[in-house]
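Visitor: Hi, I'm new to this one. Could you walk me through it?
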Amino acid sequence: MSRVDRYKHIHDKAKPIEEKKSFNPRKEKNHSEEPRQSYYRGPETFPDQEPTEHQKQYSGQDHSNGTSKQIPKKEKKTKKIRKKRRFSWPKRIALFFVLLIVLAVGFFFKGKSYAENDASLPKEALETFNGVKSANGANNILILGSDTRGEDAGRADTIMVLQLDGPSKKPKLISFMRDIFVDIPGYDANKINASYALGGADLVRQTLAENFNIQCRYYAKVDFQSFEKIVDSMFPSGVKIDAEKDLNLDGVDIAKGQQSMDGHTLLQYSRFRKDEEGDFGRVRRQQQVMSAVMGQLKNPLALLRTPESLGRLVGYMSTDTPTTFMLKNGPSLMLKGGSGIERLAVPVEGSWSNDESYYAGSILQIDLETNQKAVQEFLGQ
């Protein structure tokens, strides 16, 4: 064998020489099966170590259930924005009512300020009134109407008691005819309206308590001129009322039938008593006027003007009724009163007779026991 044949296969048995690798950026490729998540890989974690909150934030994965669930960052951001902008309907309704109450209170004090600064009418002084709450929990308000002019100046032309929060939870109104002959504490017997001239609102309260067992907690006195302005501010188009008959008082002609009366006309209608019915007809018309006013408050436009008109009423009259009490009970009184106020006139039918007194003039003698019973049953129902 020749030398050439002996070394012919020597290169086949030798180990292949590894080719030296040189760095080439173009040839460097990532052949891993998992795609890249981002250029920033975030903090490194060890296999048996649970990722921290900071690492979870940058990884964009949900590890709550031990699984790696990818949560798109845009979706998370959208959810947060929607949560902030969310405003439920109950909250909107509550906000609406809060704003409505704030506006009503604002208009109330606006009307009150206007009346207190009205120089065209004399100021009504606040009287001392030792009011007492009724035994059945009711709040009875003594309402007095007077005219500072004429022969009856200083006397109460209108005496009413308005019951609120009584057993029936309905407003009730009692009217007392001014010629009723009663005992007046500390004085001789006289007409009931003389009690105001003798001792003001508090003596009227004592007189009602002694003769009819009615306890009044607050009082409110309104001058007739103030009444006109209050009605005109509340009902610019007038109060709709069905006049009982043709009347004329102080130059005001009133025709029988349905019509709208302004404050001055409505006042004359409620004061008229120069006919065969006398004080009985006058008291009935006064109660008719009260019901007409309350009934017309159902009108939405009247309700919008009510807070300011109520403020004017408080500003014009003399009263010890707290403002908080009025704001609390005023709206409910108007809404309930619109459906009808229960009414009673004293003396009741068949319990009186006309008489004369040498110092008091024409008077009404009444069966006191019968009227006491009628009053207590009316207020207690």
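Predicted model: local features only at pLDDT ≥ 70, side-chain atom pairs only at ≥ 80, totals over all residues.

Visitor: Good to know. How many helices and strands does the protein have?

Guide: There are 12 helices and 16 strands. Of the 381 residues in the protein, 40% are buried.

Visitor: And what is the accessible surface of the protein?

Guide: That comes to about 24,600 Å², and carbon and sulfur atoms account for 53% of that area.

Visitor: Let's go inside. Which residues touch the most other members in the largest nonpolar core?

Guide: That core has 31 residues, and the ones with the most contacts to other members are Leu142, Ile174, Phe176, Leu208, Phe212 and Ile214. Several elements each supply at least two residues of this core, including strands β3 (139–146) and β5 (172–176) and helix α12 (368–380).

Visitor: Which one gives the most to this core?

Guide: Helix α6 does, with 6 residues.

Visitor: Can we zoom in on isoleucine 174? What is it in contact with, leaving aside neighbours within four places in sequence?

Guide: Its partners are Ile159, Met160, Val161, Ile214, Leu344, Val346, Val375, Phe378 and Leu379. Apart from this core lies another one, of 17 residues, with Val231, Val239, Ala292 and Val293 among them.

Visitor: Back to helix α6 for a moment. What about threonine 207, is it buried or exposed?

Guide: Threonine 207, which lies in helix α6, is buried because its relative accessibility is 0%, and the cut-off for buried is under 20%. A polar atom of its side chain lies 2.8 Å from the backbone oxygen of leucine 203.

Visitor: Which residues is threonine 207 in contact with, beyond its neighbours within four places in sequence?

Guide: Those are Val182, Asp183, Ile184, Pro185, Ile192 and Ser195. Threonine 207 and serine 195 are 12 residues apart in sequence, and their C-alpha atoms are 7.3 Å apart in space.

Visitor: New topic: rings. How many aromatic pairs are found in the whole structure?

Guide: The search finds 7. One of them joins tyrosine 218 and phenylalanine 325, a tilted pair with 5.2 Å centre to centre and 55° between the planes. Tyrosine 218 is in strand β8 and phenylalanine 325 in helix α11, so the pair links parts of the chain that are 107 residues apart. Both of these residues are buried.

Visitor: And tyrosine 358 with tyrosine 359, why is that pair edge-to-face?

Guide: The planes of the two rings are at 80°, so the pair counts as edge-to-face, and the ring centres are 5.0 Å apart. The cut-off for that label is over 60 degrees. Tyrosine 358 is exposed because its relative accessible area is 82%, while tyrosine 359 is partly exposed at 41%.

Visitor: Where does the charged end of arginine 92 sit?

Guide: Over the ring of tryptophan 89, 4.7 Å from the ring centre. Elsewhere, lysine 172 lies over the face of phenylalanine 378, at 5.2 Å from the ring centre.

Visitor: One last stop: where is serine 270 found?

Guide: Serine 270 is in helix α8, which covers residues 263–271. This serine is buried, with a relative accessible area of 7%. The side chain of serine 270 reaches the backbone oxygen of leucine 267 at 2.8 Å.

Visitor: Which residues does serine 270 touch, not counting those up to four places away in sequence?

Guide: Serine 270 touches Arg282, Arg285, Gln286 and Val289.

How values were computed:
Residues numbered from 1 in each chain as written. Heavy atoms only, no water. Helix = DSSP H or I, 4+ residues; strand = E, 2+ residues; numbered from the N terminus. Buried < 20%, exposed > 50% of the residue type's maximum accessible area, 1.4 Å probe, protein only. Polar contact = N/O pair within 3.5 Å; in protein donor to acceptor, adjacent residues only side chain to side chain. Contact = heavy atoms within 4.5 Å. Areas by Shrake-Rupley, 256 points an atom, 1.4 Å probe, with all protein chains shown as cover. Core = buried A, V, L, I, M, F, W, Y, C linked by side-chain atoms within 4.5 Å. Phe/Tyr/Trp six-rings, centres within 6.5 Å; stacked < 30°, edge-to-face > 60°. Lys NZ or Arg CZ within 6 Å of the ring centre and 35° of its normal.
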